[in-house]
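Biologist: Please take a close look at a single part of this model. Pick one residue and describe its surroundings, then the elements around it.

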Amino acid sequence: MRLMRAKTFSERYFDPADAPDERTVRGWVECGSVPGKLVALGTRTMTYIDADAWEERTGNALADRILTA
């Protein structure tokens, strides 16, 4: 599992003009749309994306569930 910060994820996988902000990425992680973890650091919560799991996704929700089972 290779974790990357939400900002780095947005910069790497999205066009700069269309990149989501960190709050949007956090929401995706919270609802399970994007594989990742929320890490509490004092009063802040940092959002990290599991880059390996993201890159292995097929784009088909059913196929992804079968492959990760």
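Modeller: Ser-10 is buried, with a relative accessible area of 4%; buried means under 20%, exposed over 50% and partly exposed in between, with a 1.4 Å probe and protein chains only. This is a predicted model, in which local features need pLDDT of at least 70 and side-chain atom pairs count only at pLDDT 80 or more, while totals for chains, interfaces and linings use all residues. Residues are numbered from 1 along each chain as its sequence is written, and side-chain values use heavy atoms, with hydrogens and water left out.

Ser-10 belongs to helix H1; helices (H or I, at least four residues) and strands (E, at least two) are DSSP runs, numbered from the N terminus. Apart from neighbours within four places in sequence, Ser-10 is in contact (heavy atoms within 4.5 Å) with Ala-19, Pro-20 and Val-25. A polar atom of the Ser-10 side chain lies 3.0 Å from the backbone oxygen of Pro-20. Between the C-alpha atoms of Ser-10 and Asp-21, 11 residues apart along the chain, the separation is 7.4 Å.

Now the sheet. Its 3 strands form an open sheet in the order S1-S3-S2, with antiparallel pairing; two strands pair if DSSP finds at least two bridges between them. Strands S1 (3-5) and S2 (36-41) stand at the edges with a single partner strand each, so one side of each has no neighbour in the sheet. S2 pairs with S3 (residues 44-50) in the antiparallel sense over 6 bridges. Helix H1, residues 6-13, packs on this sheet and touches S1 and S3.

Note on methods
Axes are lines fitted to C-alpha atoms, for helices over the stretch in contact, and angles run from 0 to 180 degrees between N-to-C directions. A polar contact is a pair of N or O atoms within 3.5 Å; within protein, one must be able to donate a hydrogen and the other to accept it, and residues adjacent in sequence count only if both atoms are side-chain atoms.
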